[in-house]
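Colleague: Hi, I'm new to this one. Could you walk me through it?
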Amino acid sequence: MAIAAVAALLPLHLGCSDAAPRRPASSLRTHPRKGGIRGRRRNPPCAANSLHPSGNPRAHHHDPAPKAPGGGDVGGGRGLNGGATAKPDHTPPSQRRRAPRDVEEEAWGLLRESVVSYCGSPVGTIAACDPNDASPLNYDQVFIRDFVPSGIAFLLKGEHEIVRNFILHTLQLQSWEKTIDCHSPGQGLMPASFKVRVIPLDGGDDGATEEVLDPDFGEAAIGRVAPVDSGLWWIILLRAYGKCSGDLSFHERVDVQTGIKLILKLCLADGFDMFPTLLVTDGSCMMDRRMGIHGHPLEIQALFYSALLSAREMLTPEDGSADLIRALNSRLMALSFHIREYYWLEKRKLNEIYRYKTEEYSYDAVNKFNIYPDQIPPWLVEWIPPKGGYFIGNLQPAHMDFRFFSLGNLWSIVSSLATSDQSHAILDLVEAKWSDLVAEMPMKICYPALEDQEWKFITGSDPKNTPWSYHNGGSWPTLLWQLTVACIKMNRPEIAARAVEVAESCISTDKWPEYYDTKRGRFIGKQARLFQTWSIAGFLVAKLLLENPEKSRILWNNEDEEILNALSLMTGPASPKRKRGRKTYIV
């Protein structure tokens, strides 16, 4: 069946009947604005949108009495959002330290409070659940990238239903009509987020209401940027669900297969670009504001590589998939060579760039991207350690972004985009530069921060991305889980354990902030939301994986032997492709 034809049938496969108790077809209606699915119900509205007993409208439950690990009610003996209600503690905050088990129990209570339901079933977790936040903006929505650590935490606890429902409902949203200023992006685009709304039933006079899934594909986001990483994270989570639940037939469903193919077709579409890396705009990933990452940012390339490998595992062999799989394999080969060869930086490579000749017009040019040595920033000359290395943040003609981006480097390890030697070198650098990248709260989203004129020109004088804050060198606790997976994969869990211990000492007392400010991550971010769900989930996933390292295999990709052999031939000293630039994968 053609992809377009199958996509048109997606709502029939994925209405409330798949993720909730079966309803008659007449109870599903089209959303007037986006063509979405409505689930009819009568008052009172479901738990996801009714007021929490505390009066907090943003405390969402899929269970009216969520249980903390150990069997006790979260509500019994605990305050709003899981905070303890025992006798007041007059110890100064700087001297308080919660017992590790208490911190974990509180985290589980908070994570369960953030769960959102649709048609009676859990479908995700909201971004933040701070009862004192009078203006939540879009933090009361379910973000695809934010839900990934929450989903992994639930999978590791054996609670698979919420992840399955999330996958199916976001898959349903993928096929909806989406238009921004009369332009419609590709059909495979996944939303950045969605919200469950309860609205009065049209023409109803008996108090009946209906639930509506209302997605945001970027048309309401700051900057109006489409989320390139959403579809990539969706594929990664889909694979993790199959491996953890054992339901390997789930990804063989026609609608799931169609969703995978739509994402791949969108990512593998031909364009003007000469490189195998994905070309994206600023703000299209975790750094969703202007931060000078437009072009070919490492984070997107690492997720892209991981999604390609994961999709190849899950695609069912059929006549219609042959061309797609061929294109996928070709892109994997080219992408791995390109990133390993041209993004990698260590002291020896930096010295080579320092001595580059420019304006080389030939197929055999050494300086293929015409990088000017004067681009090397002074901080890097002193910062690069004698042992260790990393992938630079971006590469374009005449431009290298030498900043260290944590998520891109960590996921390069997880996905095997980095070689084994490069993976160890990245972790060597993390250890060597611990005071810069971890310090008092793991982990810097990027290093160093943009300052002075560079900050003004690159961010547009963004008041939220001031130096050492938010995306501009802020410290993000959610990165703990990616660090943990990378360390376990390379058999160096002690690095992650050390970082978790740093976070555990204060993150609960600080009320689980979204991010931390200052060069050492000493202060809670000036605009950071508290009780941030992916800070909570990232901490829990890190703890669970350190206790059961084998479970991290649901997330990492093994080195592909065919790619490894091909790259060995390509990069060998006798390789004709090494000698003839005309045949390399970048031109």
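Modeller: Happy to; we'll chat about salt bridges and then one arginine.

Modeller: This is a predicted model, where local features need pLDDT of at least 70, side-chain atom pairs count only at pLDDT 80 or more, and totals for chains, interfaces and linings use all residues. Residues are numbered from 1 along each chain as its sequence is written, and side-chain values use heavy atoms, leaving out hydrogens and water.

Colleague: Great! How many salt bridges does the structure hold?

Modeller: There are 24, counting a side-chain nitrogen of Lys or Arg within 4 Å of a carboxyl oxygen of Asp or Glu.

Colleague: Which residue forms a salt bridge with Arg-164?

Modeller: Asp-247 does, with the closest N and O atoms 3.2 Å apart. Arg-164 lies in helix H6 (residues 161-174) and Asp-247 in the loop between helices H7 (228-245) and H8 (254-267), so the pair ties together parts 83 residues apart in sequence. Helices here are DSSP runs (H or I, at least four residues), numbered from the N terminus.

Colleague: And Arg-403, is that buried or exposed?

Modeller: Arg-403 is buried at 7% relative accessibility; buried means under 20% relative accessible area, exposed over 50%, and partly exposed in between (1.4 Å probe, protein chains only). Its side chain meets that of Asp-401 in a salt bridge of 2.7 Å, N to O, and Asp-401 is buried too, with a relative accessible area of 7%.

Colleague: New topic: where does Arg-498 lie?

Modeller: Arg-498 is in helix H18 (residues 493-504), and counts as partly exposed, at 41% relative accessible area. Arg-498 and Val-438 are 60 residues apart in sequence and 9.9 Å apart in space, C-alpha to C-alpha.

How values were computed. Helix = DSSP H or I, 4+ residues; strand = E, 2+ residues; numbered from the N terminus.
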